[in-house]
Amino acid sequence: AFAPSSGARATSTVLFGTGISSVKDKIAGLTSDNFSSTLSDIEPFLTKEAGASIYKKSIRRINTAAKSLGVDVPAGYAKEAKATEKKREKQDAYCKAKAEEAADADASEDEEEAEPPA
């Protein structure tokens with residue numbers, strides 16, 4: 001029979017006193033009265049501990065709840081999440097590369113227009 005090695009142990013998803021299940025429960029229980037306080041309670045979990053899937057699903061659920069309750073999610077809420085750090089770095093590098101390409105293209109077009117025809 002299969003027996004797990006004794007060295008392996010289950011890891012906890014509780015780092016900031018908030019586990020995944022309690023975050024999901026808080027999101028499910030959002031009301032217009034407790035909206036801002038609940039968001040401030042779960043933001044540390046979303047920014048520092050949540051993985052990419054949990055982060056994405058939680059933000060989607062928060063936005064859906066906000067729309068149905070008629071309230072707004074604060075601009076930039078949990079945008080600096082650890083789960084999206086690599087994605088943001090790649091996007092920034094891509095945007096910088098495209099901006100440099102556009103600048104080089106504009107410079108080469110200006111040089112071609114400045115040369116008099118022979």
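This is a guided tour of a predicted model, taken selection by selection.

**The whole chain**

Start with everything shown as cartoon. The protein has four helices and zero strands. Read from the N terminus, the order of elements is α-α-α-α.

Now colour by pLDDT. The average for the protein is 84, and 79% of the residues score at least 70. Compare the elements. Helix 3, residues 52-69, has the highest mean pLDDT, at 93. Helix 4, residues 85-114, has the lowest, at 87.

Switch to a surface. The protein exposes about 9,000 Å². Carbon and sulfur atoms supply 52% of that area. Of the 118 residues, 19% count as buried.

One last overall figure concerns contacts. Take those in the protein with a sequence separation of 6 or more: residues 24 or more positions apart account for 65% of them.

**Helix 1 against helix 2**

Select residues 20-28 for helix 1 and residues 35-48 for helix 2. The next stops are pairs of helices. Two packed helices are described by the angle between their axes and by the distance between those axes.

Which way do helix 1 and helix 2 run, roughly parallel or roughly antiparallel? Their packing angle is about 150 degrees, and the axes lie 11 Å apart. The cut-off for roughly antiparallel is over 145 degrees, so helix 1 and helix 2 are roughly antiparallel to each other. Their crossing is left-handed.

Show side chains at the interface. Helix 1 brings Ile20, Val23, Lys26 and Ile27. Helix 2 meets them with Thr38, Asp41, Ile42 and Phe45.

Stay in helix 2 and pick Thr38. Thr38 is buried because its relative accessible area is 7%, under the 20% limit. Leaving out residues up to four places away in sequence, Thr38 touches Lys26 and Leu30. Draw a distance from Thr38 to Lys26, C-alpha to C-alpha. These two residues are twelve apart along the chain, and the separation is 6.8 Å.

**Helix 2 against helix 3**

Which residues of helix 2 and helix 3 meet? From helix 2 come Phe35, Leu39, Ile42, Phe45 and Leu46. From helix 3 come Ile54, Tyr55, Ser58, Ile59, Ile62, Ala66 and Leu69.

**Helix 1 against helix 3**

The crossing is left-handed. Ile20, Val23, Lys24 and Ile27 of helix 1 make the contact with Ile54, Ser58, Arg61 and Ile62 of helix 3.

Is Asn63 buried or partly exposed? Asn63 is partly exposed, with a relative accessible area of 39%. Then draw a distance from Asn63 to Val73. They are ten residues apart in sequence, and their C-alpha atoms are 6.8 Å apart.

**The loop between helix 3 and helix 4**

Move on to Ala78, in the loop between helix 3 and helix 4. Check its backbone. Ala78 is not a glycine, yet it has a positive phi of about 55 degrees. Ala78 is also buried, with a relative accessible area of 1%.

What does Thr47 contact, leaving aside neighbours within four places in sequence? Bring helix 2 back and select Thr47 there. Thr47 is in contact with Ala78, Glu80, Ala81 and Lys82. Thr47 counts as buried, at 15% relative accessibility.

Finish at Thr84, in the loop between helix 3 and helix 4. Thr84 is buried, with a relative accessible area of 17%. Setting aside residues up to four places away in sequence, Thr84 touches Tyr55 and Lys79.

Note on methods:
Residues are numbered from 1 along each chain as its sequence is written. This is a predicted model: local features need pLDDT of at least 70, side-chain atom pairs count only at pLDDT 80 or more; totals for chains, interfaces and linings use all residues. Side-chain values use heavy atoms; hydrogens and water are left out. pLDDT is the predictor's confidence in each residue, from 0 to 100. Helices (H or I, at least four residues) and strands (E, at least two) are DSSP runs, numbered from the N terminus. Buried means under 20% relative accessible area, exposed over 50%, partly exposed in between (1.4 Å probe, protein chains only). Contact means heavy atoms within 4.5 Å. Accessible areas come from the Shrake-Rupley method with a 1.4 Å probe; for residues, only the protein chains shown count as cover. Axes are lines fitted to C-alpha atoms, for helices over the stretch in contact, and angles run from 0 to 180 degrees between N-to-C directions. Angles under 35 degrees count as roughly parallel, over 145 as roughly antiparallel, 65 to 115 as roughly perpendicular and the rest as oblique. A crossing is left-handed if the near helix is turned anticlockwise from the far one by less than a right angle, and right-handed if clockwise.
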